[in-house]
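Please consider the structure shown below.

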Amino acid sequence: QVQLVESGGGSVQAGGSLRLSCAASGRTFSSNAMGWFRQAPGKARDFVATIGWSGDTTYYADSVKGRFAISRDNAKNTVYLQMNSLKPEDTAVYYCVADSFTYGLGTPGDFSPDFGSWGQGTQVTVSS
């Protein structure tokens, strides 16, 4: 079982940037697609960005396209989410997830709160 720990969250003003990191332990995740989801208070957990096992494929929610970038460093067992031009509506707890299956392309529909390995989340707060 992969254990995931997110970091890099915090408070920032609108227009600012943050970089989230997700470090995996327990075993390598280099063969697993990875993703970032977020959950605002009172709302469902929503897809933000995913990346295939090789890093060649990425997917983004329309709301973050052009502002966020997902990447991975398999040598460091870490996946990143660079967030630029942040908006107050980006405020949420951000969760990292590893696909249960190997060699996936990171298709958003492959991820679900009911399976896969999830981190504990990191809070991102964007003020106007």
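**Rings, core and sheet**

Arg45 lies over the face of Trp118, at 4.9 Å from the ring centre. The charged end of Arg45 also sits over the ring of Tyr95, 3.7 Å from its centre. A charge counts as sitting over a ring if NZ of Lys or CZ of Arg is within 6 Å of the ring centre and within 35 degrees of the ring normal. The model is predicted: local features need pLDDT of at least 70 and side-chain atom pairs count only at pLDDT 80 or more, while totals for chains, interfaces and linings use all residues. Residues are numbered from 1 along each chain as its sequence is written, and side-chain values use heavy atoms, with hydrogens and water left out.

The structure holds four aromatic pairs. Rings of Phe, Tyr and Trp (its six-membered ring) pair if their centres lie within 6.5 Å; planes under 30 degrees apart count as stacked, over 60 as edge-to-face and the rest as tilted. Phe37 and Phe111 form a tilted pair, 6.0 Å centre to centre with 55° between the planes. This pair links distant parts of the chain, with Phe37 in strand β4 and Phe111 in the loop between β9 and β10 (117–118), 74 residues apart. Strands (E, at least two residues) are DSSP runs, numbered from the N terminus. Phe37 and Phe111 are both buried, that is, under 20% relative accessible area (1.4 Å probe, protein chains only). The ring centres of Phe37 and Trp118 are 5.4 Å apart and their planes stand at 70°, so this pair is edge-to-face. Because Phe37 lies in strand β4 and Trp118 in strand β10, the pair ties together parts that are 81 residues apart in sequence. Ring pairs link Phe37, Phe47, Phe111 and Trp118 into a cluster.

The largest nonpolar core has 27 residues, and those with the most contacts inside it are Met34, Trp36, Leu81, Met83 and Tyr94. Such a core is a set of buried Ala, Val, Leu, Ile, Met, Phe, Trp, Tyr and Cys residues joined through side-chain atoms within 4.5 Å. Among the elements that give two or more residues to this core are β3 (18–25), β8 (78–83) and β9 (92–102).

Four strands form an open antiparallel sheet in the order β1-β3-β8-β7; two strands pair if DSSP finds at least two bridges between them. The edge strands, β1 (3–7) and β7, each pair on one side only. Within the sheet, six bridges join β3 to β8, and Cys22 stands opposite Val79 in β8.

Technical notes:
Buried means under 20% relative accessible area, exposed over 50%, partly exposed in between (1.4 Å probe, protein chains only).
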